[in-house]
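This report describes a structure made of paired chains and the packing of its helices. Please examine the sequence and the model below before reading on.

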Number of protein chains: 2
Amino acid sequence: MKNFSLSDIKKPIAHELVQFETVFKSNLKSKVTLVDLVTKYLLKQKGKKIRPVLVLLSAKVAGGVTERTYRGATLVEMLHTATLVHDDVVDRAEKRRGLPSINAVWKNKVAVLMGDYLLSRGLLIAVENKDFDFLQTITNTVKRMSEGELLQISKTRKLDNDEETYYRIISDKTASLLSTCCEIGAMSTTDKTEEVSAMKEFGENLGMAFQIRDDILDYIGSSMIIGKTPGRDIKDKKLTLPLIYALRNCDKSDASAILKLIKSGEKIKDVEIVVNFVKEHGGLDYADRKALEFAEKAKKTLDIFPLSESKTALESLIDYIVTRKK
Amino acid sequence: MKNFSLSDIKKPIAHELVQFETVFKSNLKSKVTLVDLVTKYLLKQKGKKIRPVLVLLSAKVAGGVTERTYRGATLVEMLHTATLVHDDVVDRAEKRRGLPSINAVWKNKVAVLMGDYLLSRGLLIAVENKDFDFLQTITNTVKRMSEGELLQISKTRKLDNDEETYYRIISDKTASLLSTCCEIGAMSTTDKTEEVSAMKEFGENLGMAFQIRDDILDYIGSSMIIGKTPGRDIKDKKLTLPLIYALRNCDKSDASAILKLIKSGEKIKDVEIVVNFVKEHGGLDYADRKALEFAEKAKKTLDIFPLSESKTALESLIDYIVTRKK
């Protein structure tokens with residue numbers, strides 16, 4: 001598997017990404033000064049822009065980028081930003097993308113309201129342009145994202161999870177939006193149901209691979225990443241795939257001991273013991289294999305589209321996702 | 001002005017309110033157990049249901065309650081509930097309607113996510129039934145509500161507000177949703193633009209009167225009300241109409257002294273001084289007059305509708321709103 005950098009992947013849509021930035025920025029303008037102040041700050045917290053990239057590449061593969069594609073990309077990026085702002089409130093995160101979080105600068109109240117504002121602002125773009133197909137999928141996605149997070153919370157509280165429920169959680173909380181990005185990209189340029197469905201399925205599988213990789217990264221250490229603490233999931237008592245597998249493939253007494261450790265402690269030494277336990281019981285290898293399986297599935301769904309620079313970029317994006325170090 | 005109780009006002013739609021409860025409850029069902037648990041709890045926190053009442057009465061006045069009316073009422077009540085749940089997070093409120101708040105029982109994370117869930121669940125009802133006219137108005141309302149709150153926050157931080165900005169804030173944060181209730185009620189039953197506009201305007205003026213009355217109640221004491229602390233706005237450094245008027249109609253030196261007091265202290269004695277200052281300078285009388293002006297304006301917009309039991313109920317609702325003690 002050849003590795004691509006994100007900037008290589010973005011090449012076929014370099015021009016479109018610039019145009020997207022313009023549309024995105026102009027849609028963020030508000031008559032309320034504080035809103036403008038916060039959105040300007042948000043624009044400084046530059047992310048990887050994987051979601052707009054997915055919308056643009058999917059559109060290009062399915063026919064070509066249209067006006068509607070830019071609106072779709074703006075909609076998903078606003079929604080994603082809204083959830084990040086809310087996430088930082090609930091996780092009491094002090095940093096986001098190397099800069100202080102909104103809640104750290106302006107307090108929780110502003111952060112919760114800004115999240116609500118960004119969500120409604122995004123939906124309003126779709127409403128005003130009568131992109132009702134976008135609305136249908138995105139509203140359902142917002143619902144699934146919150147349900148997925150809430151399901152994860154209840155599993156976390158009980159310190160109990162299995163592989164099937166894990167997939168359901170990550171499908172709802174992560175894959176749903178990435179799937180919607182690809183679906184919206186396709187919908188913005190074609191009416192062909194088969195192509196829209198294929199793109200949606202591509203995004204779903206890519207999203208599953210993305211989240212599994214995220215959960216692996218929490219184990220293999222990511223101290224280089226600003227704002228992310230390795231072992232965070234263990235401290236948060238989240239049972240993700242590597243740990244679920246390891247717990248299933250060890251002596252019952254070992255499993256109880258590990259669960260007891262997770263339950264009781266947040267000490268660095270305890271986290272290290274859990275990480276080593278997962279490694280020794282093949283949890284990371286198993287999760288790696290599963291991520292690759294979803295990645296391969298994703299690539300196969302692209303078979304119906306003709307060869308193009310953008311299709312290759314989508315395939316490289318999958319490779320990037322399952323091998324990324326942060 | 002004759003006073004009506006809320007239960008009198010609800011009489012013409014007693015049957016419809018029961019039906020609404022059924023629709024509302026059935027739409028809250030989720031496959032995630034934790035979501036069901038929280039929504040069941042939310043149903044126990046019984047509110048006054050002013051928003052569904054407005055939707056149902058407006059529909060009845062404009063033609064009659066339809067299937068769409070129930071969906072509209074469900075949509076606005078879900079949105080309203082979502083904002084209450086988020087409000088309690090940002091205000092760190094421990095109680096809501098006499099019961100512990102969601103954040104108090106399940107922590108902030110669940111409360112923020114449940115707010116997002118309820119908002120998207122509400123929008124999804126409109127999307128699934130292709131009530132795109134509802135979506136248009138409601139999405140814009142969500143945006144206005146967050147903008148209004150954010151404008152209020154920036155004014156609060158600077159301890160600076162004037163009557164014009166005050167009206168803009170309360171129009172966005174409160175009147176917008178009440179206006180949308182009446183608009184949606186009318187839209188659910190008629191296509192006549194004039195009637196829909198009249199109902200929208202009725203709701204806007206009712207909403208203004210509602211919030212001014214709310215701000216008055218913060219001064220005239222409301223210790224009977226569970227979960228509400230009198231003088232809360234002063235402690236929060238919110239400059240509402242009674243105080244704005246009083247500050248404008250006193251010596252400059254008095255105004256500075258009062259502002260200094262608000263800025264420095266949250267002591268009960270300080271709050272009492274501010275309350276007395278507002279009373280002495282006619283702030284409450286002025287706000288009362290303004291609330292009545294908006295109430296009269298609201299009633300006038302109903303002129304185009306024929307006399308009916310429901311129209312009388314809407315007029316009584318206005319009277320109830322500007323005279324209510326809680």
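## A helix pair across the interface

In this predicted model, helix 6 (residues 102-128) of chain A packs against helix 7 (residues 132-158) of chain B at an angle of about 150 degrees, with their axes 8 Å apart. Axes are lines fitted to C-alpha atoms, for helices over the stretch in contact, and angles run from 0 to 180 degrees between N-to-C directions. Helix 6 of chain A is therefore roughly antiparallel to helix 7 of chain B (angles under 35 degrees count as roughly parallel, over 145 as roughly antiparallel, 65 to 115 as roughly perpendicular and the rest as oblique). The crossing of helix 6 of chain A and helix 7 of chain B is left-handed, that is, the near helix is turned anticlockwise from the far one by less than a right angle; clockwise would be right-handed.

Among the residues making this contact are Leu113(A), Tyr117(A) and Leu124(A) of helix 6 of chain A, and Thr139(B), Val142(B) and Leu150(B) of helix 7 of chain B. Two residues are in contact if their C-beta atoms, placed from the backbone, lie within 7 Å. The residues of the contact of helix 6 of chain A with helix 7 of chain B divide into 10 nonpolar, 5 polar and 6 charged (Ala, Val, Leu, Ile, Met, Phe, Trp, Tyr, Cys and Pro count as nonpolar, Asp, Glu, Lys and Arg as charged, and the others, Gly among them, as polar).

## The interface and its symmetry

In total, 34 residues of chain A are in contact with 34 residues of chain B. Helix 7 of chain A gives the most to the side of chain A that touches chain B, with 14 residues. That side divides into 18 nonpolar, 10 polar and 6 charged residues.

Chain A is superposed on chain B by a rotation of 180 degrees with 0.0 Å of shift along its axis (RMSD 0.0 Å). This is the relation of a two-fold axis. The superposition is by least squares on the C-alpha atoms of residues with pLDDT of at least 70 in both copies. Because 100% of the interface residues of chain A are also interface residues in chain B, the copies meet through the same surface.

## The single chain

Chain A contains 15 helices and 2 strands; helices (H or I, at least four residues) and strands (E, at least two) are DSSP runs, numbered from the N terminus. The C-alpha atoms of chain A fill a box of roughly 60 × 50 × 30 Å along the principal axes.

## Conventions

Residues are numbered from 1 along each chain as its sequence is written, while chains are lettered from A and ligands numbered from 1 in the order in which they are written. As the model is predicted, local features need pLDDT of at least 70 and side-chain atom pairs count only at pLDDT 80 or more, whereas totals for chains, interfaces and linings use all residues.
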